[in-house]
Amino acid sequence: MQELTTRDLMKFAVPSILFAVLTHGYRSVDQFWIQGVSTEAQAALGASAFVIILYAAVIVILSAGASPLIARATGANDPVALRRSLGAGLSGVLGITVLLMVVGVSSADLVASTLGLQGETAEECAKYLRMLSWTIFPLVLVPLVDQAFIAMGNAKLPMKLHAYSLALNIGLTPFFIYDANMGIAGAALASNLTRAATTFVGFAILWRQTGMQLSDIRGGQELRRVLRIGLPVTVSVMAYTLVYWAILKTSVSPLGKEVNAALGIGFSALEGIAWPCFHGLSLAVSSFVGRYLGANEEAKAKDVVRKALPLATGLGLTAALV
């Protein structure tokens with residue numbers, strides 16, 4: 001692989017950042033359209049964001065574990081290893097889908113009360129979480145598909161797919177909430193349906209490009225390797241989420257539905273944009289590092305990190321100023 005310039009890094013990082021921002025755009029769309037239902041629904045949606053992040057903590061173990069291996073296999077020009085790592089990640093998708101579906105549907109009321117929600121706000125939150133859990137398969141699949149493409153050096157396709165998905169979501173969310181009279185459950189259904197529409201397209205392209213076969217989808221030792229690599233990321237995201245959960249239970253929810261709603265709006269408007277920028281840049285850097293390591297070019301991998309540090313610092317300072 002040729003040596004990377006800061007310009008080359010930016011050309012790859014910008015689509016990766018835009019992809020991450022678009023991925024999290026669903027929260028802002030939901031917060032905007034749900035305001036016509038009730039303050040309780042707005043508050044419930046705000047509180048549910050931290051449950052979704054907890055779901056994401058479980059889901060990310062697959063993408064965080066498989067994508068570095070996919071990047072290294074790409075750099076080493078080893079399609080067999082690439083398919084083995086991707087297949088291991090895919091083998092874990094069904095298990096995590098079933099886990100989150102069963103736990104999410106059966107514990108929706110308990111989760112709402114654990115967040116400190118009461119009355120109609122708790123009921124609205126439970127409705128949203130049940131529908132999200134029933135239809136959660138695309139939510140589990142999409143990070144693995146997206147990060148596989150980025151690990152292979154293609155950030156533009158996930159960006160385009162999520163742009164189409166978000167545009168579709170903007171149109172379908174009010175339909176399910178108001179026209180179909182589903183209320184807050186319609187927001188959850190619209191999110192996962194629109195994710196499915198574009199994720200399955202991305203999956204089909206990924207399947208064809210990598211030459212995947214059904215026999216490549218298997219667990220065993222390679223899945224254990226993926227889970228071991230992804231586990232630290234899962235634990236860190238869980239810790240972050242549980243801190244917010246404790247804040248909701250002890251400090252935010254007791255102040256009332258209006259404060260819960262305000263937290264949800266603020267979280268979606270600021271952190272829903274700032275954090276994806278950091279995440280998108282980190283995925284771009286990770287892709288280059290993994291591919292350089294796969295090509296046995298460790299010095300170039302270190303150079304990518306050095307070039308990325310000023311960009312990451314600039315993003316952090318900009319977010320703080322805003």
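**Exercises: how H2 meets H8**

In this predicted model, Gly-25, Tyr-26, Val-29, Asp-30, Trp-33 and Ile-34 of helix H2 touch Ser-165, Leu-166, Asn-169, Ile-170, Thr-173, Pro-174, Ile-177 and Tyr-178 of helix H8 (contact means heavy atoms within 4.5 Å; helices are DSSP runs of H or I, at least four residues, numbered from the N terminus). Residues are numbered from 1 along each chain. Local features need pLDDT of at least 70, side-chain atom pairs count only at pLDDT 80 or more, totals for chains, interfaces and linings use all residues, and side-chain values use heavy atoms, with hydrogens and water left out.

**Exercise 1.** Sort the residues of the H2 and H8 contact by type.

*Solution.* 
- You get nine nonpolar, four polar and one charged.

**Exercise 2.** Work out how the axes of H2 and H8 cross.

*Solution.* 
- Take H2 as residues 25-34 and H8 as residues 156-179; their axes come within 10 Å and cross at roughly 30°.
- So H2 is roughly parallel to H8 (angles under 35 degrees count as that).

**Exercise 3.** Is Leu-172 buried, partly exposed or exposed?

*Solution.* 
- Find Leu-172 in helix H8.
- Its relative accessibility is 26%, so Leu-172 is partly exposed (buried is under 20%, exposed over 50%, partly exposed in between, with a 1.4 Å probe and protein chains only).
- Skip its neighbours within four places in sequence, and Leu-172 touches Ala-190 and Thr-194.

Conventions:
Axes are lines fitted to C-alpha atoms, for helices over the stretch in contact, and angles run from 0 to 180 degrees between N-to-C directions. Helices (H or I, at least four residues) and strands (E, at least two) are DSSP runs, numbered from the N terminus. Angles under 35 degrees count as roughly parallel, over 145 as roughly antiparallel, 65 to 115 as roughly perpendicular and the rest as oblique. Ala, Val, Leu, Ile, Met, Phe, Trp, Tyr, Cys and Pro count as nonpolar, Asp, Glu, Lys and Arg as charged, and the others, Gly among them, as polar.
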